[in-house]
Each structure stands twice: as structure tokens, then as C-alpha cells.
Amino acid sequence: MPAPERVPPRSLTSVELLTRGELTVLGQIREASNAVLYCSVAYGDESAECVYKPVAGERPLWDFPDGTLAQREIAAYEVSRATGWGLVPPTVLRDGPYGEGMVQLWIEPVEGDSGLLALVEDEEPAEGWKAVALAEVGEGRTALLVHADDARLRRLAVLDAVINNGDRKGGHLLPAPDGRLYGIDHGVTFNVDDKLRTLLWGWAGEPLTSEAVGALKGLAEALLPVGALAVRLSSLITEAELDALRARVASLLDTGVHPAPSGEWPAIPWPPV
């Protein structure tokens, strides 16, 4: 009787690997304001690099409840995944060497200038660029801060408006070697108050793309009380924050345009990099 054919084991998804693998701390990212640990995660023959942010290492903030930033990072990933755009690297909430925390797949960005942001001395942006604001560059001089008129950035601008991102800096944009663009560091998100601070204001007041409208309609359905996304988010953010999220999606669909700065909160994060 012939031996049964062996079926090769299925490779783990990134989320499964991050959830089930053994975390090993390799170092610390010193420039971060909260504890950010560079790690490896391994399960069987599979391994990857990742970032681990333990809740115990979160710095208290006056406008966010203590010990909630990791959950907000997971919520941002879940919303990003629901849009179908995949703008946030796979992210999970799990126990680690220093307690519960956020674990996110490490994205190695392309080396050199990404070509996404620039300071120019012109009064108007060149073709293919969008103006953000005038910036002081020293000795009484100013320059125009611009970002690329890039479809990937535009999707991220929509995601930031949805999750109410209070800290979209240039250093949080990771262009990957395969051409994809990722956004990271989503701890200060989902506040019930308008906290949107970003370098991606270039589309403010412009109509949303048909692609964005389709993604927002899908989000609105997924955020219904019985929707799968709403169920997942209910364990990560408060009911008031979930209602505010629904309201932001509804507002974007109602106005049909990218939001503009409210004037009630600094529009540009500091430092901007």
C-alpha cells in the first residue's frame, strides 16, 4: 500500500506569526517617546523582525487615558485592513517579555529620500506636488512644505481623517521596496475630539476619489453595531470613541471632500519629522 502523500505545512500569516511566535528583544529604538523594542518573532521554521511596544512603557498623555495607546494601534490596523488598502503593517495585541503590548511587523523602508515630502523656496508647488504650509527654516527665512500628489499618500490622508490621527509625521511614512507605502505610530488616534494633525493637508477641501468613497461606504457598513469591525473595535476603544469613528466616516461621506484643519487644534505635528 503506497504511503499517503505528505501535505506540506501551511505557512503562517504575518498576524499568526506575530500572535503565536516567541518574542526575543534585540534592541531599543531610542528616539521614540515611548518604549519601543526591536524584536524577532519565531515559530517553528518561520521568523520575522517586529516592533514591540509594551503598555508598561507608555508615557502618560493629558488627553488620552493611560495604558490605551497599544489598543489604539491595533484599532488603526483593523480599520486599515477593513478599507482593503493595507496601509498599516500587521499588528497584534499580545503578551511579551515586558507584559502586554502592541507587536507590529517590521517594515524596512527603502534607503535614501522617499520623494514624498520636501521644502521648496517657490511660492507655489510644482506639478505633482501639493502645498501644506509655510515653514520657518531659520534666519527669518521661510520655505513651502509640500508633499507628493501620490495616490498612496492620499489613501493615508483618508485613513488619518477616519481614525483621527493626532500625529502623522514624515518619519511615520515607510515606503517599502515593493512600492507599497505604510504608515506607523498610531497610538494617538480615535479621540472623541478633533485631534487631526498631519503633514498631508494638500488635498484639504478637494473631492474624495471614487475609490475613497467606496472604502468609506464599506467602513460604514462594517461599523454597524453587528458589523465584524465594530465587534473587534469594541474591545479596543470606548463606545464613545466608536460612535465618534462612525460619525467621522458619515461626515466624510456626507461632505464628499477631504477635511480641512479645524482651527481648534494645531494642524501640523511637532516636530514634523
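Start by selecting Ala32, Ser33, Lys53, His172 and Asp185: of the 40 residues that line the largest pocket, these lie nearest its centre. On a 1 Å grid over the protein atoms alone, a pocket is an open set of points with protein on both sides within 12 Å along at least five of seven lines, and lining residues have an atom within 4 Å of a point. Before going further, note that this is a predicted model, where local features need pLDDT of at least 70 and side-chain atom pairs count only at pLDDT 80 or more, while totals for chains, interfaces and linings use all residues. Residues are numbered from 1 along each chain as its sequence is written, and side-chain values use heavy atoms, with hydrogens and water left out.

**Stop 1: the largest pocket**

The largest pocket holds about 1,000 Å³ of space; a volume here is the space filled by probe spheres set on the grid points, which are joined across faces, edges and corners. Colour β3, α2 and β5 to see the elements that give two or more residues to its lining. Helices (H or I, at least four residues) and strands (E, at least two) are DSSP runs, numbered from the N terminus. By class, the lining of the largest pocket has 20 nonpolar, nine polar and 11 charged residues. Ala, Val, Leu, Ile, Met, Phe, Trp, Tyr, Cys and Pro count as nonpolar, Asp, Glu, Lys and Arg as charged, and the others, Gly among them, as polar.

**Stop 2: a salt-bridge network**

Buried means under 20% relative accessible area, exposed over 50%, and partly exposed in between (1.4 Å probe, protein chains only). Now show Asp185 as well: Lys53, Glu73 and Asp185 are linked in a network of salt bridges.

**Stop 3**

The structure holds 15 salt bridges. For another one, select Asp243 and Arg246, whose closest N and O atoms are 2.8 Å apart. Both lie in helix α6 (residues 239–255), three residues apart, about one turn of the helix. Asp243 is partly exposed at 40%, and Arg246 is partly exposed at 22%. Then pick Arg152 and Asp150, which meet in a salt bridge at 3.0 Å, N to O. Arg152 is partly exposed at 22%, whereas Asp150 is buried at 17%.

**Stop 3: strands**

Back in strand β3, select Cys50. Cys50 is buried, with a relative accessible area of 0%. Next, show strand β4 (residues 91–96) and strand β5 (residues 99–105), which run antiparallel and are joined by six bridges; two strands pair if DSSP finds at least two bridges between them. β4 and β5 form a hairpin with two residues between them. Which residue in β5 is the bridge partner of Gly96? The partner is Gly99.

**Stop 4: the nonpolar core**

Select Val79, Leu153, Val162, Phe190, Leu216, Leu233 and Leu245, which touch the most other members of the 44-residue largest nonpolar core. Such a core is a set of buried Ala, Val, Leu, Ile, Met, Phe, Trp, Tyr and Cys residues joined through side-chain atoms within 4.5 Å. Helix α3 gives the most to this core, with eight residues.

**Stop 5: cavities**

A cavity is a set of grid points where a 1.4 Å probe fits but cannot get out. There are two cavities of 30 Å³ or more. The largest has a volume of about 80 Å³, and its lining includes Asp160, Trp201, Trp203 and His258.

**Last stop: the second largest pocket**

Finish with the second largest pocket, which holds about 240 Å³ of space. Of its 17 lining residues, Ala161, Asp194, Leu196, Arg248 and Pro259 are the closest to its centre. Helix α6 supplies the largest share of the lining, four residues.

Methods. A salt bridge is a side-chain nitrogen of Lys or Arg within 4 Å of a carboxyl oxygen of Asp or Glu.
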